[in-house]
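Open the model in your viewer and keep the sequence beside it. Follow the stops in order.

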Amino acid sequence: MIVKISVRNLIEFVMRSGDIDNTFRDNARLIEGIRAHQKIQSSFGDNYKKEVSLKNSTTISFVTFNVFGRADGLIKDGSDFIIDEIKSTARDLSDIDDTNKLHWAQGMCYAYFYALDKKLSKIFITLTYVSVEDYSTKIFKKEFSIEDLHKFYMNLLENYLKFSEILAKNIEKRNESIKILDFPYKDYRKGQRKMCLAVYKSILDSKNLFVDAPTGIGKTISTVFPSVKSMGEDLSDKIFYLTSKNTQGKEAMKAIKILREKGLFIKALNITSKEKICLNDEVKCNPIDCPFAKGHFDRVNDGILDIISNEEIIDFDKVISYAEKYRICPFEFELDISNYVDFVVCDYNYVFDPNIYLKRFFDEISSRYIFLVDESHNLLERAREMYSFTFSKNRFTDLLEILKEKKYKKISKIIREIIDKFDELYNKHGKKLYYYQENLIDDFDEYLQKLIKPLQRFLVEEKNDPNYEDLLNLFFDINKYFKISDYYTKGFYSIISFDEENQTIIFQIKCIDPSEVLDNKYKFARTVVFFSATLSPITYFMRILGAENSLKLRLDMPFPENNFAIFSREISTRYKDRNRNLEQISTSINEFINSKKGNYFIFFPSYAYLEEVYNDYKQKFDDEILLQDRSMSEKDIKKFIKNFDEKSAKTAFLVLGGVFSEGIDLLGEKLIGAMIISVGMPKVSSLRNLIKEHFDKLGYSGFDYSYTYPGINKVFQAAGRVIRSENDRGIIYLLDDRFTSRKYQLLYPKHWRKKEIKIVNTGSLLKEEANNFWEENIEKKTNLPS
């Protein structure tokens, strides 16, 4: 039996104790801590080797432990070798002693691995504490014999043995079940077998894969099943099913449950965000405000042993149940559980976001993971958000207004310097409303670095201050800014602009093209599978998501093509023509929803246009119209959807790209038609024009990258609401003269291009074509065998 574990996880599991306390005490985990490490590492000469990867394989009681990690430094001093462990701290160095057992334990593991490998009888360990205030250090040095290190390390493994035996038995049982596992359904849907084989082959060949597959293929099971099968062939250690919405995560867990019913034994976890899973009245992770934080580490190992021994499908309810049983923090609990399961369902953030990603898995390159990226068309805008950051001048002027007391003097002084820097930069670049450059504008860095140090001292000492939360948020935002700036590369821009609405200067790091940073993230996986019903054009997504060398697969719709019709009306919805054509738009909507009694979605390119058409429509017609609100909670969305059942005849005005454009399943006669008004282009803006310019420079069609492709994908998403199953029938009505142009028709998905798109430029022609479609489908339904 083989158990793979990192040094950090091994030590934490065996040796940790006490409370969770996320109140501000130390900056070691933040950007200043990273910079302190780098400062110390760079101060040594050629005898210092930094970031040394080490590993060891040891067998006890038929369990082979493959333990790995990375020491901060290795020093060659004459004939002596020294393992250096660096710990950054905001505390006064005079208050620090050498009693932290966890810190020494890491060094001792690395020292043992190195000494054993090099056949050394003794080795030294230095524990270097570095102040983030001024980079001064306090160093503790100890000599260890190979016998002492062996005894310590074997004791760690012995304490982990019981748990590792459970893990090893789980893996053995999992692999045996996978060998005899068959596809869970009697027959494959059209295109489904092809998709399963493509996913398996991409894993076998360590290639990435893009799959453009229409609704109804069964994309979830078609990615999960071959990925699980490959795990049984020892091609991977863990599968990450990555989603942009909770509903997608539930579908992934549902697929695992279906496989489990067919004999699969697997440990699967769905990670829920801290805000949603917290058991406390308020998210405050400290032993004073949260009873689940107090003594968490004294009890969490028992909870992990219990849940891993007894549960296979670990979802929200299971995590909560065990967290309450052991009185432990459910969020930290599920993160720990993720170390010991085979299949993890989580948001994109946990892999791709530079501030949130699961460091326990992605601090070192591994080729033993599989990433399944669901609805991967969403990854582009999410990645742009993850790697972008904004500071406004108002943020600092507002703070300055409340920091009047003497105790804020040093902080206030630096904030004034930052405010002056906003003005200086704005003036320097000609007071343009939107100035941008490819190189990083790092003029703020010096002042933000200066601000961090008095801020962290204040946050340690003044926890009851009325402005504490504002200053704490600023501190974390500064660290977030530095973290993102560390990723600054091609495709990033620095922007100085003026917000006329709020009358303030804005400084931004903007990720326009995330292809390079995403490509670096894919290196942690053996295979990345991108799949969606709206990956058109597929070459655009492959390029902009940083995976140009991927395999690609396009699949046909699995349902009969006569289940749906596509109509088009040639009316201009360009911005300059919208007001002039309001009456035609309203009349077209009315004709459509009265062509057959039923439920209809009408999609608009913006809330503003939706409201304009609604006001015109209500003046002319008496129909009841449901409106998508600008801000709707999950409860509001569920309530809204309940309006649509098999017997109702409701019409909803909705926004393209909004919450009702994807992830909504209204089967059968719950939705019989969708009208898409406009080609969905984003509103013209300085940012969109910058995206256009960026891709023009690279030799691509910048206008299409910035406007056409994002717009048409919103159209495909909205149109996809109509046909969700083989029993669905409906009409997709495209209202814009551009839809009939060759440029747009070349972008249509495969199953659209096979159909004749009916041009219905009059109400009478619409009625005739709609009647023909519905009569044909009524006849087909009537003739179905009983």
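Predicted model: local features only at pLDDT ≥ 70, side-chain atom pairs only at ≥ 80, totals over all residues.

Residues are numbered from 1 along each chain as its sequence is written, and side-chain values use heavy atoms, with hydrogens and water left out.

Now show β14 (residues 434-437) with β15. They pair in the antiparallel sense over four bridges. Strands are DSSP runs (E, at least two residues) and helices are runs of H or I (at least four), numbered from the N terminus. Two strands pair if DSSP finds at least two bridges between them.

Colour β15 (residues 492-499) by burial. Six of its eight residues are buried, meaning under 20% relative accessible area; exposed means over 50%, and partly exposed lies in between (1.4 Å probe, protein chains only).

Eight bridges join β16 to β15, and the two run antiparallel. Ser497 has Ile506 as its bridge partner in β16. Then pick Gln503: this residue takes a positive phi near 50° in the β15-β16 hairpin, which has four residues between the strands.

Move to the open sheet. Eight strands with parallel pairing follow the order β10-β9-β11-β8-β12-β17-β7-β18. β10 (313-314) and β18 (551-554) are at the edges with a single partner strand each, so one side of each has no neighbour in the sheet. Inspect β7 (residues 209-212) and β17 (residues 527-532): four bridges join them in parallel. Val211 has Phe531 as its bridge partner in β17.

Last stop: Asp289. Find it in the loop between α8 (274-277) and α9 (296-310). Asp289 is partly exposed, at 38% relative accessible area.
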